[in-house]
Every structure is written in structure tokens, then in C-alpha cells.
Amino acid sequence: MNKVIEINHLTKHYGKHRGVLDISFHVNEGEIFGFLGPNGAGKSTTIRSMLGLIRFETGSIKILGKDIQKDKETILNEIGYMPSEAMFYPAMKVKDIIRMAADVRKKDCQQEAEKLCERLQVDVNKKISDLSLGNRKKVSIICAMQHKPKLFVFDEPTSGLDPLMQTEFFKLIREYVAGGATCMLSTHVLSEVKQHCKNVAIMKEGRLQCVDTVDNITKTSTKRIRMLRDGKQEDFIFKGDLNDLSKELVGHDIADILIEEPPLEEIFMHFYQE
């Protein structure tokens with residue numbers, strides 16, 4: 001399987017301040033890859049290094065088989081990048097922003113742009129200054145998708161979108177990926193990762209904590225226990241054999257008990273905590 005993104009031993013400092021330290025992972029062709037971590041974990045630094053927006057000290061990055069430091073312009077022609085906060089000229093109309101984004105790439109994207117505007121319900125005649133956060137987000141999505149790139153890099157793409165538009169956004173992603181594209185999704189929304197991603201990399205304090213399949217990471221014997229024992233309400237996480245729990249309950253008055261999988265957030269949280 002072809003590797004669309006190859007990052008090896010990436011290190012970047014901002015003067016005396018930490019950026020990222022010795023980051024290595026790869027993303028295969030045709031997958032939606034999750035990139036997780038709290039604020040300040042180093043996700044944006046990694047992405048900006050991948051796109052050639054900042055210089056890094058050591059390591060190497062290949063995108064679509066090419067070195068980002070040697071073939072930056074060629075690589076960027078094949079990438080659709082959406083930053084977490086896209087800024088547009090407020091006095092311009094939506095249709096002019098979309099056309100300008102296509103002109104910068106010297107491509108005729110009109111047909112694809114019209115399809116995306118219809119799917120995402122975007123009014124192209126409005127000015128940017130008249131748009132809500134969610135609608136500005138849609139414009140950013142269209143600018144990133146309309147040239148049908150080989151690689152999508154999305155940084156917090158669904159923040160500000162209503163649930164219907166979030167669903168439509170991921171439908172579009174799956175359609176492009178089915179057509180041969182690859183997607184790297186940086187997000188705080190863990191449910192999105194579990195639903196749409198096969199593999200995930202988790203960052204913390206500039207270091208890579210884990211690269212694994214979502215199935216492996218979320219596979220756990222840990223349970224959340226909620227019960228009324230001896231007249232007292234209890235709610236706790238239990239790690240271990242449930243047979244041991246049943247033995248512990250012998251002799252107690254159990255009026256009610258609920259045993260369930262812990263929330264996804266709790267499964268991932270131990271990667272972030274000390």
C-alpha cells in the first residue's frame with residue numbers, strides 16, 4: 001500500500017520553546033487518518049511542517065512520495081488544506097472567494113464548486129461579512145475540496161457546523177476517498193475519529209504518544225459501574241474481571257446496577273493525563 005504521508009523523526013523548536021520532538025508516523029493511501037491531541041500538543045506544528053509553511057530542524061517529510069523541502073509547489077498542488085480558522089476578505093462575495101481559490105491553482109473548478117455549494121447549502125451571492133461561523137466554515141471546505149486533490153488535510157473542520165452539515169461533510173469525504181483520495185483529520189471530537197477513521201496518531205506536549213488502529217485503542221475490559229448499594233448511589237470505573245466484582249458484592253443490598261462501556265473520552269483520556 002502506498003504511503004501518502006511519511007514523517008520521520010520530525011523535530012521543530014520555536015527558539016527555546018518546544019514545538020514537536022522526534023515525530024514519526026505514516027498515512028496510507030485511501031484512508032481517513034485521525035490526528036488527536038489537546039491544545040498545544042503539537043498537531044498544528046506538525047501540519048504546518050507537512051505543508052512547508054514552517055521550517056523544521058531535523059527529520060524528513062514526504063508527501064505523495066516527494067520531499068516537502070524540495071518539491072513544495074508540486075506537492076501543494078495536490079493538497080486541499082483547511083485550517084481551523086480560515087480568514088477571508090470580508091467585503092468579497094462567496095462566489096468570488098471560491099473563484100479566487102480556483103484561480104490561484106490555475107484550475108477550472110466551477111462544476112465541482114457548484115456541486116459542493118449545493119450539497120453544503122451555501123449562498124454564493126452573500127458577502128463574507130454577512131456569514132455565520134458555520135457558513136464561513138463551509139466556504140473554507142469548498143475552497144479545500146473543489147480542485148479534487150489527492151490529499152485532504154483538515155484541522156478541526158466540523159467546529160461551527162450544525163449536525164446535518166457535519167453528516168454531509170463526512171459523506172463528501174467518504175466519496176472523495178472512495179475515488180482515490182486520502183484524508184488526514186485533526187480533531188478534538190473523539191466520536192468522529194471512532195466513526196470515520198481506521199488509524200489514529202495521538203499527540204501530547206510535542207511528542208507522539210501512540211499510533212494504532214482505532215479498534216485497538218478503544219478495545220478495553222474497563223467498565224463503568226453505576227449502582228445503588230446499601231442505600232448509597234455509586235458511580236465508578238472498574239478495571240478487571242467482572243467475576244471479582246460479583247464476589248465483592250456478595251452480602252450487600254444491591255437495589256439497582258448498570259454495567260456499561262466507558263465513554264470514548266475516558267478511554268482516550270489516559271493518553272493525555274500524567
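Buried means under 20% relative accessible area, exposed means over 50%, and partly exposed is what falls in between (1.4 Å probe, protein chains only). With that in hand, S140 is buried, at a relative accessible area of 5%.

## Before you start

This is a predicted model, in which local features need pLDDT of at least 70, side-chain atom pairs count only at pLDDT 80 or more, and totals for chains, interfaces and linings use all residues. Residues are numbered from 1 along each chain as its sequence is written, and side-chain values use heavy atoms, with hydrogens and water left out.

## S140 and its helix

Let us stay with S140 for a moment. Its place is in helix α5; helices (H or I, at least four residues) and strands (E, at least two) are DSSP runs, numbered from the N terminus. Which residues does S140 contact, leaving aside its neighbours within four places in sequence? They are M82, P83, A86 and F88, where contact means heavy atoms within 4.5 Å.

Helix α5 (residues 133–145) also packs with α6, at an angle of about 5 degrees and with the axes 12 Å apart. Axes here are lines fitted to C-alpha atoms, for helices over the stretch in contact, and angles run from 0 to 180 degrees between N-to-C directions. The angle makes α5 roughly parallel to α6; angles under 35 degrees count as roughly parallel, over 145 as roughly antiparallel, 65 to 115 as roughly perpendicular, and the rest as oblique. On the α5 side, the contact is made by K138, I141 and M145, and on the α6 side by M165, F169, L172, I173 and Y176. These residues divide into seven nonpolar, no polar and one charged. For this count, Ala, Val, Leu, Ile, Met, Phe, Trp, Tyr, Cys and Pro are nonpolar, Asp, Glu, Lys and Arg are charged, and the others, Gly among them, are polar.

## A covered strand

Strand β3 (residues 32–36) is mostly covered, with five of its five residues buried. Both of its faces are covered: I32, G34 and L36 are buried on one side, and F33 and F35 on the other.

Two strands pair if DSSP finds at least two bridges between them. β3 pairs with strand β8 (residues 182–186) in the parallel sense over four bridges, and F33 stands opposite M184 in β8. With strand β9 (residues 199–204), β3 also pairs in the parallel sense over four bridges; here G34 stands opposite V200.

## A sheet of three strands

Elsewhere you will find an open sheet of three strands, ordered β12-β11-β13 and with antiparallel pairing. Its edge strands are β12 and β13 (254–260), each pairing on one side only. On average, and with direction ignored, neighbouring strands of this sheet are turned by 15 degrees against each other.

Six bridges join β11 to β13, and I225 has I259 of β13 as its bridge partner. Helix α9 (residues 242–249) lies across β11, β12 and β13, and runs at about 10 degrees to β11.

## Salt bridges

Side chains of opposite charge can pair when their charged atoms come close. How many salt bridges does the structure hold? There are nine, a salt bridge being a side-chain nitrogen of Lys or Arg within 4 Å of a carboxyl oxygen of Asp or Glu. D235 lies in strand β12 (residues 232–238) and R224 in strand β11 (residues 223–229), so the pair ties together parts that are eleven residues apart in sequence. D235 is partly exposed at 45%, whereas R224 is buried at 12%. Salt bridges that share partners join R224, R226, D235 and E260 into one network.

Another salt bridge joins R119 and E175, whose closest N and O atoms are 2.9 Å apart. This pair links distant parts of the chain, 56 residues apart: R119 is in helix α4 (residues 110–119) and E175 in helix α6 (residues 163–178). R119 is partly exposed at 23% relative accessibility, and E175 is partly exposed at 42%.

R99 is partly exposed, with a relative accessible area of 46%, and D96 is partly exposed at 26%.
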